[in-house]
Amino acid sequence: MPGYLPFAGALKLPAYTCDNCGFWQRHFEAPPSCPMCLDARHVVPQDGWRFRTAREAQDAFPCHWQELEPGVWRFWNEPVSGIGPSAYLIQTETGNMGFEGCPVFSEAALDQIETLGGMQVLSASHPHSYGALVQLQDRFDPELCLPAADFTWSAALQVSWPYDDVLEPLPGLELHRTAGHFDGHAVLFDRARKICFCGDALKFELDPADPRRATTISAHKAFVRGVPLTPKELERYRQVFAQFEFVQTWTPFEAAKNCGRREVLALLDALLASRPHAAPVPLDSLLAQGR
């Protein structure tokens, strides 16, 4: 039954966010360590752990929001410590979907989401961008859709709609599991707007003179450590991205208007044609090779 919480009492515990990476945990006191920082894709803090309550994080990290495209809102914190992903709210005729979480939502940001119609469905690409999903779930009680492959990372949350590889939680919004970066890593495709929210499957460098224009593109197993994907992981990425026509690609950090299906497949084909690497590749050179 949707919304049934037989162990809801566990979700009443206080929530704490790690100052090093932004991962949230529910614990009866400040946690002893952070599992995300201890994972091989990240690094541990150099001067010990520090955890903040929601109020402490709100006081330290101002929250901002902006409508980047009609009906698509970005929420982010600046300044912020940790990874610092953005959260997106996607408005549709059948309801609103949240994708990714910023490190912490201010009360004003949560009120803004309420004004925009609240949130009926919530998801994220992978645990690095869960951010403050706990706040969104506590405030709006949306259906939380996460891949079963990453369930072990969701202890602070109540997953109500687990899925295997593909899910369309609202008409026109498709979740596709890519695996690779995380076993459950997934992307979100907005059919109407032709935007692919790609999580950390891809990474861009932006033109300082035009912050919506990407100049390079890369793919990686671990960005901080510079670890590339394997050929089989790249093949799965290609199979997923080839399924839909998109003209924009948005990560939790960048919204590239000049990169779509053509550019993404060009990168993956180039990586599959040689020894895989995680280095940024100029978009201009990729497109020149494809002519």
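**Entry 1: terms and model**

I took helices (H or I, at least four residues) and strands (E, at least two) as DSSP runs, numbered from the N terminus. I worked on a predicted model, in which local features need pLDDT of at least 70 and side-chain atom pairs count only at pLDDT 80 or more, while totals for chains, interfaces and linings use all residues. Residues are numbered from 1 along each chain as its sequence is written, and side-chain values use heavy atoms, with hydrogens and water left out.

**Entry 2: a surface patch**

I looked up Leu 38 and found that the residue lies in helix α1, residues 35-38. For accessibility I used these limits: buried is under 20% relative accessible area, exposed is over 50%, and partly exposed is in between (1.4 Å probe, protein chains only). Leu 38 counts as exposed because its relative accessibility is 53%.

I then noted that Leu 38 belongs to a nonpolar surface patch with Val 44 and Trp 49, and that together they have about 260 Å² of accessible area. Patch residues have over 30% relative accessible area and no salt bridge; like charges are joined within 9 Å, and nonpolar side chains (Val, Leu, Ile, Met, Phe, Trp, Tyr) within 5 Å. The areas come from the Shrake-Rupley method with a 1.4 Å probe, and for residues only the protein chains shown count as cover.

**Entry 3: salt bridges**

I counted as a salt bridge a side-chain nitrogen of Lys or Arg within 4 Å of a carboxyl oxygen of Asp or Glu. A search of the whole structure finds 17 salt bridges.

One of them pairs Arg 212 with Glu 69, with the closest N and O atoms 3.4 Å apart. This pair links distant parts of the chain, for Arg 212 is in strand β15 (residues 210-218) and Glu 69 is in strand β4 (residues 63-69), 143 residues apart. Is Glu 69 buried or exposed? Glu 69 is buried, because its relative accessible area is 17%.

Glu 69 also forms a salt bridge with Lys 257, where the closest N and O atoms are 3.8 Å apart. Again distant parts of the chain are linked: Lys 257 is in the loop between β17 (255-256) and α6 (261-272), 188 residues apart from Glu 69. Lys 257 has 43% relative accessibility and so counts as partly exposed.

I also looked up Arg 191 and Glu 174, whose side chains meet in a salt bridge at 2.6 Å, N to O. Arg 191 is in the loop between β12 (186-190) and β13 (195-197), while Glu 174 is in strand β11 (residues 173-177), so the pair links distant parts of the chain, 17 residues apart. Glu 174 counts as buried at 15% relative accessibility, whereas Arg 191, at 37%, counts as partly exposed.

**Entry 4: backbone details**

I found a cis peptide bond between Glu 78 and Pro 79, with omega about 0 degrees. Pro 79 is in the loop between β5 (72-77) and β6 (87-92).

I next noted Glu 100, a residue other than glycine with a positive phi, near 70 degrees. Glu 100 lies in the loop between β7 (95-99) and α3 (107-115), and counts as buried at 2% relative accessibility. Asp 141 also has a positive phi, near 50 degrees. Asp 141 is in the loop between α4 (133-140) and β9 (143-145), and is exposed, with a relative accessible area of 58%.

**Entry 5: cavities and a pocket**

I used a 1 Å grid over the protein atoms alone: a cavity is a set of points where a 1.4 Å probe fits but cannot get out, and a pocket is an open set with protein on both sides within 12 Å along at least five of seven lines; lining residues have an atom within 4 Å of a point. Grid points are joined across faces, edges and corners, and a volume is the space filled by probe spheres set on the points. The count comes to 3 cavities of 30 Å³ or more.

The largest cavity holds about 60 Å³ of space. Its lining includes Phe 23, Trp 24 and Tyr 130. The second largest cavity has a volume of about 50 Å³, and Asp 19 and Arg 52 are among its lining residues. The second largest pocket has a volume of about 190 Å³, and its lining includes His 42, His 128, His 181 and His 220.
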